[in-house]
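Please have a look at it first.

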Amino acid sequence: MLQVLCLWFCFNLQLDYTQPIQKEVPKDAAVADGDSQIGTVGCVAVDNEGNLATATSTGGIVNKMVGRIGDTPIIGAGTYANHVCAISATGRGEAIIRGTIARDVAAVMEFKGLSLKEAAAYVIDQVPRGNAGLVAVSSTGEVAMPFNTTGMFRACATEDGYSEIAIWDSPTK
């Protein structure tokens with residue numbers, strides 16, 4: 001049993017490395033609209049022995065305060081893994097840091113006895129609307145991908161062939 005979840009989430013923020021859009025582009029050239037370069041990329045995984053791992057990389061934003069540190073490099077805020085679950089979060093870094101949302105998912109599972117889906121939904125509900133989303137996997141292979149934004153690019157694939165790719169809320173919610 002190997003589960004891998006990948007997250008790519010976009011906010012409408014201009015990144016430091018976004019190329020300016022040219023007014024006239026040759027017909028055979030790819031158009032850089034900026035959307036393909038925006039957002040966080042994260043991944044969580046569990047192997048057949050229940051070992052968990054996570055990795056998160058931020059896209060950053062332009063005009064950030066000098067010295068600003070986002071949530072991604074802060075373990076427990078934007079990324080976290082322990083023996084219970086692995087979480088990769090995305091969104092507005094300040095809200096994610098204040099809520100330490102990645103660690104909170106694991107803590108709610110450990111100390112309240114909730115499932116991964118229940119814990120992840122509970123934690124995302126505590127973050128101000130429009131500020132966060134996450135992908136998570138438990139040591140037993142349970143998957144959760146909640147968000148409180150309009151949409152979140154996300155995907156899941158398992159060793160047994162199951163896959164899910166989505167942006168918007170599922171109609172069953």
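So, to begin: is Ile69 buried or exposed? Ile69 is exposed, because its relative accessible area is 54%. Here, exposed means over 50% relative accessible area, buried means under 20%, and partly exposed lies in between, with a 1.4 Å probe and protein chains only.

A quick word on the ground rules. This is a predicted model, where local features need pLDDT of at least 70 and side-chain atom pairs count only at pLDDT 80 or more, while totals for chains, interfaces and linings use all residues. Residues are numbered from 1 along each chain as its sequence is written, and side-chain values use heavy atoms, with hydrogens and water left out.

Back to Ile69, which sits in the loop between strand 3 (52-57) and strand 4 (79-81). Helices (H or I, at least four residues) and strands (E, at least two) are DSSP runs, numbered from the N terminus. Not counting residues up to four places away in sequence, Ile69 touches Ile74 and Ile97; contact means heavy atoms within 4.5 Å.

Why pick that residue? An unreviewed UniProt entry places a "binding site" feature at Arg68, Ile69, Gly70, Asp71, Thr90, Gly91, Arg92 and Gly93. UniProt positions are in the numbering used here, feature names are shortened, and annotations may be inferred rather than shown by experiment. Thr90, also in that record's list, belongs to strand 5 (residues 85-91). Thr90 counts as buried because its relative accessibility is 1%.

Another threonine, Thr79, lies in strand 4. At 8% relative accessibility, Thr79 counts as buried. Its side chain makes a polar contact of 3.5 Å with the side chain of Thr54. A polar contact is a pair of N or O atoms within 3.5 Å; within protein, one must be able to donate a hydrogen and the other to accept it, and residues adjacent in sequence count only if both atoms are side-chain atoms. Leaving aside neighbours within four places in sequence, the contacts of Thr79 also include Ile87 and Ala102.

Now for helix 2. Its twelve residues, 101-112, should span 16 Å at 1.5 Å a residue, and the end C-alpha atoms are 15 Å apart, which agrees. The expected span is 1.5 Å times one less than the number of residues. Among the buried residues of helix 2 are Ile101, Val105 and Met109. Their cover includes strand 4, strand 5, helix 1 (93-99), helix 3 (116-126) and strand 6 (132-138). Just after helix 2, Gly113 takes a positive phi of about 75°.

That brings us to the largest nonpolar core, with 24 residues, where Cys85, Ile87, Ile101, Val105, Leu116 and Leu134 touch the most other members. Helix 2 gives the most to this core, with six residues. A nonpolar core is a set of buried Ala, Val, Leu, Ile, Met, Phe, Trp, Tyr and Cys residues joined through side-chain atoms within 4.5 Å. Leaving aside neighbours within four places, Cys85 is in contact with residues including Leu52, Val105 and Leu116. A second, separate core of eleven residues includes Leu52, Val143, Met152 and Cys156.

Finally, stepping back: the protein has three helices and nine strands. Of its 173 residues, 43% count as buried.
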